[in-house]
Amino acid sequence: MFLQNRSQLNVNLFTTNSYLNHDKFLRIYRWNPSLTNQPWFAIYPIATENCGPMILDALIQIKELQDSTLTFRRSCREGICGSCSMNINGTNTLACLNLLNRLEKFITIYPLPHMHVIKDLVSDLSNFYSQYKSIKPWLKSNVSFSEENLQSKASRLELDGAYECILCACCSSSCPSYWWNHDKYLGPAILLQAYRWIVDTRDNNTDKRLIFLNNKMRLFRCHTIMNCSRTCPKGLNPGKAISLIKHKILSS
Amino acid sequence: MNKFFNRPIAPHLTIYSLQQSSLFSIWHRISALILIIYIIIYFITQKFFFWTLSSQTLHVFFYSITLLPNYLFNFFILIISFYHMLNGLRHILWDLGFFLSNETIQNANTIILFTILVLQIVCYKKYFI
C-alpha cells in the first residue's frame, strides 16, 4: 500500500482528525533500488503536538508509525555527528537542528543535491571521503622534540572556525561548482579541512600541501559563489578559508 | 557501483533555493556574457556596416537614443555594466580576503543594488530635474 508509485494522491490531506490536528505535511523524495526505476514523492501528515521539535523527530515518528521503509541516516540528534544532512525546503542543513514548527505547511525534503542516491534520503558520500583522504588530514611533522612543544594561544586561535567541521557535506553539496566537477574539484568542506592543516603551526609540511592544492581543478574551480557559507549548519565559513588558501598560494 | 545499481543523481538546480549569494554570482556571469556579446556586435557592425561613405543614415539609426528601442537597450546595458563593475570590484576585494563573512556579504548586496539605483539616477538626471 505504501510503496506504489502514485503520481496522483487520491487522499484528501486536509480532513481534520478528531484526536490530532495534522498541521504539517512532509513531502519526502523516495527512491528504492529494488522496486522502481524512477524516484517519487511521499507525503506524510505530522501533528506538531504529538511529535518532537525537530524535523529528525518527525522523520523518526514517520518511520515508527506510518512508513517503516523510509530510510535516512541519523546518529547523535544534536548536530555534532553530521549524519542527518539533507536538503530541507531548498537549503542543505542537518535535520536534527531544523525546527518543525515553521511558517510553511509543507516541508519538502530531498537528499543532498547532485549526489548519487543509495536509497531514499541516503546519499553516496564515498567520493567525498576519498577526497578528504587525498588532502592527507593528519599531522606531518618530521621534527623530533626532546620535551613538549607547546602551541601558543595565538596559534591555537588560528584553528578556530576550521576544526569544528563535522564533515556533513552540506556545503559541498550546495556548491554549483562542485555539482559540475564533483570528481576533480575538492569542494568547500575538504578545502576547509585542508586550510585547517595548512594553518596548524604544529604541522611543517605546509609547502607540500600548498603544492598539492595549487591545481586548476582541485582548488581553482571555486568562483566565490559563497553558497557554502550561507548553508553551513555549524556557522563555519569555508568560502573565506578557500580565499585565504588562494592568497597563501599566490603569495608564496 | 553507481552505474551498476543505476542510482539516480539527487536533483540540484531545480530544487536548491536561489540564495542571495548564488543569485549575485550567476548575474555576474550573465552580465559578462551580455556585455561581451554587445562589444563584439559593436565592433562587427563598425567594421562591416559602417565603413562606406553612405553609412551615415545607418549610423544615425543605430546610435540615436531618441528612438525607443535604442533608448531601452542603452538603459539596460547601462544597468548591466554598472552591476558587473560593482560586483567585479567586490570580487577583487574578496580575492584579497576582505568582507567574506555572511553579514558583510548581505550588507554588500544591498549596497550594490542601492549604488546601481543611485548611478542610474545620476546618469538619467535630466529627466528628474
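Author: In chain B, buried residues make up 30% of the 129 residues, where buried means under 20% relative accessible area, exposed means over 50% and partly exposed lies in between, with a 1.4 Å probe and protein chains only. This is a predicted model, in which local features need pLDDT of at least 70 and side-chain atom pairs count only at pLDDT 80 or more, whereas totals for chains, interfaces and linings use all residues. Residues are numbered from 1 along each chain as its sequence is written, chains are lettered from A and ligands numbered from 1 in the order in which they are written, and side-chain values use heavy atoms, with hydrogens and water left out.

Chain B has 4 helices and 0 strands, and along the sequence it reads α-α-α-α; helices (H or I, at least four residues) and strands (E, at least two) are DSSP runs numbered from the N terminus. Its radius of gyration is 21 Å, while a compact globule of 129 residues would have one near 14 Å; that radius is taken over C-alpha atoms, and the globule rule is 2.2 Å times the number of residues to the power 0.38. The C-alpha atoms of chain B fill a box of roughly 65 × 45 × 30 Å along the principal axes. Of the contacts in chain B between residues at least 6 apart in sequence, 66% join residues at least 24 apart, a contact being heavy atoms within 4.5 Å. The accessible surface of chain B is about 9,300 Å², with 76% of it belonging to carbon and sulfur atoms, as found by the Shrake-Rupley method with a 1.4 Å probe.

Chain B also meets chain A: the buried residues of helix 9 of chain A pack against helix 3 (68–96) of chain B, together with helix 4 (170–174), helix 6 (188–198), helix 7 (206–213) and helix 8 (227–231) of chain A. Among those buried residues of helix 9 are Pro238(A), Ile242(A), Ile245(A) and Ile249(A). Helix 9 (residues 238–250) of chain A has 13 residues and spans 18 Å from its first C-alpha to its last, close to the 18 Å expected, the expectation being 1.5 Å times one less than the number of residues.

Elsewhere in chain A, an open sheet of 5 strands has the order 2-1-5-3-4 with mixed pairing, and two strands pair if DSSP finds at least two bridges between them. Its edge strands, each pairing on one side only, are strand 2 (40–46) and strand 4 (91–94) of chain A. The twist averages 35° from one strand to the next. Strand 3 (residues 85–88) of chain A pairs in the antiparallel sense with strand 5 (residues 106–110) of chain A over 2 bridges, where Ile88(A) has Ile109(A) as its bridge partner. Strand 3 and strand 4 of chain A pair in the antiparallel sense over 4 bridges, and they form a hairpin with 2 residues between them, in whose turn Asn89(A) has a positive phi of about 55°.

Notes: Axes are lines fitted to C-alpha atoms, for helices over the stretch in contact, and angles run from 0 to 180 degrees between N-to-C directions.
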